[in-house]
Amino acid sequence: MAEFTVYDETDAPGEARPQLEAAKKRMGFVTTLNGVMAESPELLAGYNALSEQFNKSSLPKHAKHAVLITASVLNGCEYCVAAHSTVALRAGVPAGIVEALRAGRALDDPALEAVRRLTGAMVTRRGWVDDADVEAFLAAGHTRRHVLDVVLGVGMKTLSNYTNHIAHTPLDPAWKEQEWTAPS
């Protein structure tokens with residue numbers, strides 16, 4: 001197994017240090033994911049830029065969390081499921097919704113369930129969603145812009161999920177309470 005270094009803002013490649021310093025200010029610590037990504041300052045910058053844009057997207061707050069958790073579950077990313085579950089709970093997403101997303105179960109809220117389903121279709125079909133999937137999403141009260149915001153979230157999660165798979169990124173203590181194991 002190739003070993004990847006988990007850098008921090010003091011020992012990372014020079015181009016990555018400003019990104020890690022900004023992450024530390026934003027989060028209070030440098031996540032191990034960011035530390036691993038620092039090996040490629042371009043990956044780290046790209047991921048952080050996508051994250052910033054996704055956070056600004058037009059999707060409602062709970063829907064954003066549904067995209068991030070659903071994509072991470074379907075990609076089997078133990079690190080990201082734990083991290084996004086923790087962040088979602090801290091942001092006020094009800095525990096029952098977070099648990100359902102982690103388990104891949106349907107949600108009672110039709111608009112949020114539409115987000116979960118569209119995200120799932122995008123991930124499992126590598127973007128080749130059926131027109132019926134998009135129509136069901138729109139019928140649940142979402143917009144075409146929301147469809148594209150889901151694409152943005154799935155793209156962002158692809159970068160982090162794949163990085164974690166390759167690097168076997170260690171889980172940060174901050175996410176430990178929401179540790180998750182991918183089904184075999």
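**Exercise 1. Determine whether Cys80 is buried or exposed, and whether it is in a disulfide.**

Step 1. Cys80 has a relative accessible area of 1%. Buried means under 20% relative accessible area, exposed over 50%, and partly exposed in between (1.4 Å probe, protein chains only). Cys80 is therefore buried.

Step 2. This is a predicted model: local features need pLDDT of at least 70, side-chain atom pairs count only at pLDDT 80 or more, and totals for chains, interfaces and linings use all residues. Residues are numbered from 1 along each chain as its sequence is written, and side-chain values use heavy atoms, with hydrogens and water left out.

Step 3. A disulfide is a pair of cysteine sulfur atoms within 2.5 Å. The structure holds zero disulfides. For Cys80, the nearest cysteine sulfur is that of Cys77, 3.6 Å away. Cys80 is in no disulfide.

Step 4. Turn to Cys77. Cys77 is also buried, at 1% relative accessible area.

**Exercise 2. Find how much of α4 is buried, and what it packs against.**

Step 1. Helices are DSSP runs (H or I, at least four residues), numbered from the N terminus. α4 spans 61-74.

Step 2. Check its length. α4 has 14 residues and reaches 20 Å from first C-alpha to last, close to the 20 Å expected at 1.5 Å a residue. The expected span is 1.5 Å times one less than the number of residues.

Step 3. Count burial. In α4, 11 of the 14 residues are buried, so the helix is largely enclosed by the rest of the structure. Among them are Lys64, His65, Leu68 and Ile69.

Step 4. List the partners. The buried residues of α4 pack against α3, α5, α6, α7 and α9 (contact: heavy atoms within 4.5 Å).

Step 5. Look past the end. Just after α4, Gly76 takes a positive phi of about 65 degrees.

**Exercise 3. Describe the largest pocket and the second largest pocket.**

Step 1. On a 1 Å grid over the protein atoms alone, a pocket is an open set of points where a 1.4 Å probe fits, with protein on both sides within 12 Å along at least five of seven lines; lining residues have an atom within 4 Å of a point.

Step 2. The largest pocket has a volume of about 660 Å³. Its lining has 25 residues; Arg26, Met27, Ser51, Asn55 and His84 are the closest to its centre.

Step 3. The second largest pocket holds about 190 Å³. Cys77 is one of its lining residues, as are Trp180 and His165. α5 and α9 each supply at least two residues of this lining.

Note on methods
Points joined across faces, edges and corners; volume = space filled by probe spheres on them.
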